[in-house]
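These are my notebook entries on one structure.

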Amino acid sequence: MTEQEARKEILGIVAEYCMTYHNQKEYKTGDRIPYASRVYDQEEMCSLVDSALEFWLTSGKYTDEFEGSLAEYLGVGYCSMVNSGSSANLNAFMALTSPLLEERQIRPGDEMITVAAGFPTTVTPAIQYGVTPVFIDVTIPQYNLDITQLEEALSDRTKVVMASHTLGNPFDLYAVKSFCEKHNLWLIEDNCDALGSKYVIDGEEKFTGTIGDIGTSSFYPPHHMTMGEGGAVYTNNPLLHKCIRSFRDWGRDCTCPSGKDNLCGHRFDRQYGELPMGYDHKYVYSHFGYNLKATDMQAAIGCAQLKKFPEFVKKRMRNFERLKSNLAELKEWLILPEACANSVPSWFGFLITCREGIDRNKMVSCLEAKGIQTRMLFAGNLIKHPCFDQMRKEKRGYRVVGKLENTDRIMKDAFWVGVYPGMTDEMIDDMSQVIVEAVKEQI
Ligand SMILES: Cc1ncc(COP(=O)(O)O)c(C=O)c1O
């Protein structure tokens, strides 16, 4: 048997295994409905095993394919795969601290405009680097940054705006981008919860994550597509791409991929920093970087997921619309989510804010007891968390614009449920029914 024949036989058995033992359980009314779930079949499993048989392990041919395919899907020039969405945010932020960016380099003591109603690792890299996050409020029911507060948040230290498109709903990219251009600020779009969302800007429909300077993705299982753990950083700017790759790959100057030496032909004939002439370029460091790379096995799953991705997005949109129309009768008691103007969201979830008279905690307990899995909008108000205790006490390290009233309201009154592509009409209808009953218990 040749190696190719052996591989074919193994993959045939793996496909059979997956079809026989995975995805077997059919939904019945009364079963638990999770807020998110992986959607996969034998294609993902075979791709994973194929990469395992290669045993290259670190980034390799599947990583190249994934980076190329995601860049093509998004219509961006450059994409770098990393090992999580949090790593993608760290990588994106740190790229902007590169001295190669000259007067636009972000330095400790500078400021970053962001929101507190979101996921912590959008903000963590700034804090760790010594940049002050400046928190503005969000609007309800879009749950994105309130653009009317941008000018007030600005100071002569502001260098960057970094925020996510909440649960897939794009923020007002036109306003935020114009603000950034006017004040010469970077814009990082945390696109971890919005892959596939679109926004019309200057008459052109573009994917979120590709309109600012850098976009980031997460491929943790609940997200729009998965590879277990994983993420990506993308940009159209070749200099930023160079910085992203350097920070991702140990801070090195050389751009040769893993396992390849001297592609540029100048490995031993240049002088860098104060190093001796001809010092091996593979070990020249232009940044204080990390190793944020992912493995080829993760990329192999991602390649198979990406082929299904446009269908996932359509299904998310359909599920969202069906749920919204099912819950329309509850508008008096619940605030239902609304898409930002000029956008076509690839919804991550369905975020609900309870109006006066409806207790969010009672709602959530009731739904969970009846098998509907719920989630909060991540941190709610990040500043209230124990990780801020010291900074709050010492009154340093962050600034707040206004009172963050909507942020606090979200922390107290909001929750979300799923619209993931594995949900059927029956599941959406059953979930709607339980939500209606839960409201009726309180009115
Ligand atoms: C908006 C946002 N950014 C970043 C992340 C971090 O992604 P990861 O879990 O892959 O580190 C998440 C995680 O869910 C997120 O929701």
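Over the ring of which residue does the charged end of Arg 104 sit? I work here with a predicted model. I looked up Arg 104 and found its charged end over the ring of Trp 186, 3.7 Å from the ring centre.

Entry on the neighbours of E8. I found that E5 (residues 186-190) runs parallel to E8 and is joined to it by three bridges. Within E8, Ile 214 has Ile 188 opposite. I also found four bridges between E8 and E9 (residues 231-235), a pairing in the antiparallel sense. Here Val 233 of E9 stands opposite Thr 216.

Entry on aromatic rings. I recorded 15 aromatic pairs in the structure. One of them joins Phe 66 and Phe 219 edge-to-face, with 5.5 Å from centre to centre and 85° between the planes. I call this pair edge-to-face because its angle of 85° is over the cut-off of 60 degrees. The two residues are 153 residues apart in the chain: Phe 66 belongs to helix H3 (residues 61-74), and Phe 219 to the loop between E8 and E9. Both Phe 66 and Phe 219 are buried.

Last, I noted one aromatic cluster, formed by Tyr 35, Phe 119, Phe 348, Phe 378 and Trp 416.

Technical notes. Residues numbered from 1 in each chain as written. Predicted model: local features only at pLDDT ≥ 70, side-chain atom pairs only at ≥ 80, totals over all residues. Heavy atoms only, no water. Pairing = 2+ DSSP bridges. Phe/Tyr/Trp six-rings, centres within 6.5 Å; stacked < 30°, edge-to-face > 60°. Buried < 20%, exposed > 50% of the residue type's maximum accessible area, 1.4 Å probe, protein only. Lys NZ or Arg CZ within 6 Å of the ring centre and 35° of its normal.
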